Amino acid sequence: MIPVIEMNGITKEFPGIIANDNITLSVQEGEIHALLGENGAGKSTLMSVLFGLYRAEKGKIFVRGEEVDIKNPNDANELGIGMVHQHFKLVDTFSVLDNIILGYEDVDRGFLKKDEARERIIELSAQYKLKIDPDALIRDISVGQQQRVEILKMLYRDSNILIFDEPTAVLTPQEIEELMKIMKSLVKEGRSIILITHKLNEIQMVADRVTILRKGKKIDTLNVKDATNEMLAERMVGRKVLFDLKKEAHTPGEEVFACENLVMRDEKTQKAVVNDMHFALRKGEILTIAGIEGNGQTELVYGLTGLKPLEAGTVTLNDQDITHEKILTRNLMGLAHIPEDRQKFGLVLDYTLQENLILHTYFDARFQERGFLKKDAILEFAEEVIEKYDVRSSNGPTSMARSMSGGNQQKAILGREIERGTDVIIAVQPTRGLDVGAIEFIHTELLALRDQGKAILLISLELDEVMRLSDRIIVMYEGEHVGEFDPDQTSPEELGLYMSGSHRKEA
Amino acid sequence: MREKTWVDGLLDYFLDSSTAVKILASIIAIIGGLLVGLVIMLVLDPSRAFAGFSTILFGLFRNGTQSIGNMLYYAVPIILTGLSVAFAFRTGLFNIGATGQLTFGAFFAVYVGINWTFLGSFHWVVALLAGGLAGAFWGMIPGMLKAFRNVNEVVASIMLNYVAMYFSTLMVKTLIYNRSVARAFGPAESALIPKGFFDTLTNGSSLNYGLFVAFLVTAILHIILSKTTFGFQLKSVGFNRDASRYAGMNEKRNIILAMTIAGFVSGLAGAIMFLVPGRFLTIESNLLQEGFTGIAVSLLGLSSPIGVLIAGIFYGSLEIGGFYLQVTTNFVPELIEIIIAAIIYISALALFFQNAIYKTLKKRKDARLAEVPHE
């Protein structure tokens, strides 16, 4: 059988790295083909080449047996290739209908013909059980629904080769399950799906075959039913990976970090984004705040760390009220923070690795003398952290932070924050976008810190992570504390119901 | 394997070092700007174009040490305003107000230079510092507006340029006006920046101790930026304000300090420009060009103090070339301004050049690797 997509010997280079090195990929009609690899393995680059966002230096692309030259996304659309990007390409203030026909409008003497489009959208939505109201505004619907709008957009354009770029990153467990059903019904109709992912469970759930990439090279293509998770992980990372981390029994100590009646308001809408939030964190435990993205977790952390002012409430650290303290004071009093956005807050990308490692501590007597930086001491410290936390980069301490991979950037931040030796560590989505190997490393480190008696506040959207690490779980929904759970007595499904607002425990 | 030659080494060096590529881009911009000048000269007067062009390039050697001295004399204020712009830029601020700070500084320097004659041999030093401090004050204003009210420093300092200009005009008229020639009085003899040994060394050029000030400021700013915790904070705030805040740095204080220091340096430039014989504050409503040229020099010098020093001296050589161009041919000296403008225009495309250079070098390297015979 002729494959619908065949990519032959694709090579794409960026200054300094070969993102795709002679990669071959063949996708059959009616299959879900997973593309598995760590961050920076070249999955997105390969798909961008197929979708016409990049042009490969070498290699050929065949669609249904014919060689094609895809210069831009319009060429790709004409060949029936559609893509759901990780970050949706939707206009917030437009309706679903408007977003779907955007760029594809039927026009009658300069006027839009929306009625036919509306009918077709309702039809498609019913056919695939997408449950989408064509007249709702994008900003009013959930992230899961927005994703389905993206899927509808592809269907509306008669795309039959669908690329999904990490589609489950923003979904709740229930939504993930629905998405998987939709994907299966799409291939039943003879469409083909390429699923970019680094989550092994998803592959096991839906994919027929999987192609594994590592460091820009193709490692293997396997039938999913012949492959185990361990096997896939090993090929993806290049070494064996531990799945079950040893977790010692939970022996919490005294309370070190707490907040009460926290209220924060959005500056523009005046909506309370954090509402009457409270928790108490003890030494030697990992307390997790779970929730779907955008339910006030980000703001809560800003409030706790002093990045944004609180409207009401108190924050205490080691029995001292720090509600009105400056960020520097909080840092010095023993608060470490692994920020959610490592490129915006965590690192100065145009600084070298060693400079980033002293970002909080450059004024420490260890690193300066009468205002002059002690280069040797800084270098020595950087080499220590690099060694201890296995931070890999092209030039060691003098590598530009910008040039490092996401996983290594994160390890550097983790190392820096841990080395500050504080009692409390706030870790916000510490493994977001990282691959199995890096996740394993970070999880092991966090558990080790807990066993050393540190107090860790973990903010996470990934239920796997929540279940694996937490000693206690608080679910946050629309800025509020909607329930506290013991991980041994709850399930991801139960948490999902609280996270989506269908249930709440009355305090 | 084929032996590595020096060409491979050089290619590798440029491919590994973004700074080297940036320097190359600056040099290409300069060459491009000069070629634009040459083309204009060819259009205007083909017969003398090449002679004129060589005057622009080599004018500085025309009168031995004297023209070199004058070149440096022209360069000093430009180096200082360039440093002012570059320093603020490293903190993420665009100091387009260098000309205002310079004007404000110049007025106070001249005022002190005229009136405080009791200071004796310290007179010029105090006048110079008065200029610096006045400039610092003028730079601090947009810094504070930016830090506390988040007012865009570009808009604030552009407006302050005009305030400084009219303030200077008003003050000159009320305090130090020489009615007979309709301009300010000149500073007292004791307030003029001494020429010292430069006078004999450069055969009576205008060069004075201002050159040492330029060198000293370059060295100090270089040390601040590359060696101190203060510079570490300033650059951090410049690169990423959010990360700096997250790390506990006081971004507001840093913004104010950076603008104040930038203003101080521009103020020094103003003092050095006017604490000389034969140059007087006027009551014309013109912004002093040196402040804007500083932006150009900062850009060419890649916002590094040492780069600015080199670019400033290059600018001085064009100025002196322009001076001789006017003397020896009938080309107008404004041609120099056109060349500078073209250089700036081309450096603004620097990013494009950097990529183009990178790709060309990469191709060269690939081609050389391909030469390796298969065994």
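Predicted model: local features only at pLDDT ≥ 70, side-chain atom pairs only at ≥ 80, totals over all residues.

Student: OK, and which residues make up the domains of chain A?

Tutor: Domain 1 comes in two pieces, 1-80 and 160-240. Domain 2 covers 88-158, and domain 3 is again in two pieces, 255-346 and 420-499.

Student: Switching to the interface. How many residues of chain B are in contact with chain A?

Tutor: On the chain B side there are 21, and they touch 29 residues of chain A. Together the two chains bury about 2,200 Å², with 60% of that on carbon and sulfur atoms.

Student: Which residues in chain B lose the most area to chain A?

Tutor: Those are B:T229, B:F232 and B:Y246, which together account for 35% of what the chain B side buries.

Student: And how many salt bridges does the rule find across that interface?

Tutor: The rule finds 0 between chain B and chain A. Polar contacts are another matter: 15 residue pairs are counted between the two chains, with both residues at pLDDT 80 or more.

Student: Which elements of chain B give two or more residues to that side?

Tutor: You get α9 (210-227), α10 (229-239), α11 (241-246) and α16 (350-370) of chain B. The one that gives the most is α10(B), with 7 residues.

Student: What's the breakdown by class on the chain B side?

Tutor: It has 8 nonpolar, 8 polar and 5 charged residues.

Student: What does β11(A) pair with?

Tutor: Strand β12 (residues 217-223) of chain A, in the antiparallel sense over 6 bridges. Within that pairing, A:T211 stands opposite A:T221 in β12(A). The hairpin has 2 residues between the strands, and A:K215 takes a positive phi near 50° there.

Student: Where else is there a positive phi in a hairpin with 2 residues between the strands?

Tutor: Look at β23(A) and β24(A), where A:E478 has a positive phi near 45°. Strands β23 (residues 472-477) and β24 (residues 480-485) of chain A pair antiparallel over 5 bridges, and A:M476 faces A:H481 in β24(A).

Student: Last topic, the open sheet of 4 strands. What's the order?

Tutor: In chain A it goes β14-β13-β16-β17, with antiparallel pairing.

Student: Why is one side of β14 and of β17 left without a neighbour in the sheet?

Tutor: Because β14 (272-282) and β17 (320-321) of chain A stand at the edges, and each has a single partner strand. For β17(A), 2 bridges join this strand to β16 (residues 312-317) of chain A, running antiparallel. There, A:Q320 in β17(A) is the bridge partner of A:L317.

How values were computed:
Residues numbered from 1 in each chain as written. Chains lettered and ligands numbered in written order. Heavy atoms only, no water. Domains from an automatic or database assignment. Contact = heavy atoms within 4.5 Å. Buried area = accessible area lost by both parts, 1.4 Å probe. Salt bridge = Lys/Arg side-chain N within 4 Å of Asp/Glu carboxyl O. Polar contact = N/O pair within 3.5 Å; in protein donor to acceptor, adjacent residues only side chain to side chain. Nonpolar A, V, L, I, M, F, W, Y, C, P; charged D, E, K, R; others polar. Pairing = 2+ DSSP bridges.
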